[in-house]
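Me: I'd like to go through this model and ask what backs up each label. Can you set the values against the cut-offs for me?

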Amino acid sequence: MENDKLFISEKKYIYISLDGYFNSLTAEKFDEYVSKYDDVDFMIIDMTNLKHISNMGFKSLLNLKNRLLKNDGKLKIINTNNYVYELFEFTGYTDILDVN
């Protein structure tokens with residue numbers, strides 16, 4: 001046992017799946033929900049079922065990224081459909097956020 005090592009990860013990970021429309025009506029609820037997780041190390045936002053994202057949705061994601069960065073956290077956006085990804089590209093958010 002002298003050479004055995006035990007590694008315990010104390011990192012916090014959160015996975016959130018979005019569905020439908022991420023707009024002014026849903027962004028406020030999203031902001032309220034994720035505000036309690038500002039201290040996580042890594043947050044994944046799954047957009048498999050997202051149909052549309054508006055400027056308010058983009059603003060919420062950017063604010064979330066900035067809050068996470070204050071604690072060295074990271075934000076990853078996954079599984080965007082072609083339409084949603086094109087919105088990210090058109091608005092320039094693919095240069096700011098980690099999106100695939």
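Predicted model: local features only at pLDDT ≥ 70, side-chain atom pairs only at ≥ 80, totals over all residues.

Reply: Residues are numbered from 1 along each chain as its sequence is written, and side-chain values use heavy atoms, with hydrogens and water left out.

Me: What makes up the chain, from the N terminus on?

Reply: The elements run β-α-β-α-β-α-β, giving three helices and four strands. Both kinds are DSSP runs numbered from the N terminus: helices are H or I with at least four residues, strands are E with at least two.

Me: Why is Y13 called exposed?

Reply: Buried means under 20% relative accessible area, exposed means over 50%, and partly exposed is in between (1.4 Å probe, protein chains only). Y13 has a relative accessible area of 52%, so it counts as exposed. Y13 sits in strand β1.

Me: And S54, buried or exposed?

Reply: S54 has 19% relative accessibility, so it goes down as buried. This residue belongs to the loop between β2 and α2. Leaving aside neighbours within four places in sequence, S54 is in contact (heavy atoms within 4.5 Å) with F22, N23 and S24.

Me: How much of the chain counts as buried?

Reply: Of its 100 residues, 35% do.

Me: What makes the sheet an open one, and which strands stand at the edges?

Reply: Four strands form the open sheet in the order β1-β2-β3-β4, with parallel pairing. β1 and β4 (98-99) are at the edges with a single partner strand each, so one side of each has no neighbour in the sheet.

Me: How do you know that β2 and β3 are paired?

Reply: Two strands pair if DSSP finds at least two bridges between them. β2 and β3 have five bridges, in the parallel sense, so they pass that test. As one example, M43 has L75 in β3 as its bridge partner.

Me: How do you know that the buried residues of α1 line one face?

Reply: The buried ones are A27, F30 and V34. Seen down the axis of α1, they fall within an arc of 65°, so they line one face of the helix. The arc is that of the directions from the helix axis to the C-beta atoms. An α-helix has 3.6 residues a turn, so residues three or four places apart point the same way. On the other side of α1, L25, E28, K29 and E32 are exposed. The buried residues of α1 pack against β1, β2 and α2.

Me: Does α2 have the span it should, or what do its ends say?

Reply: The expected span is 1.5 Å times one less than the number of residues. For the 16 residues of α2 that should be 22 Å, and its end C-alpha atoms are 23 Å apart, which agrees.

Me: Which residues of α2 are buried, and what puts them on the same side?

Reply: G57, F58, S60, L61, L64 and L68 are buried. They cover an arc of only 160° around the axis, which puts them on the same side of α2. N55 and K70, on the other side, are exposed. The buried residues of α2 pack against β1, α1, β2, β3 and α3.

Me: What makes a nonpolar core, and which members touch the most others here?

Reply: A nonpolar core is a set of buried Ala, Val, Leu, Ile, Met, Phe, Trp, Tyr and Cys residues joined through side-chain atoms within 4.5 Å. The largest one has 25 residues, and M43, I45, M47, I53, L61, I77 and F88 touch the most other members. β2 gives the most to this core, with five residues. Not counting residues up to four places away in sequence, I53 touches F22, M47, F58, L61, V84, L87 and F88.
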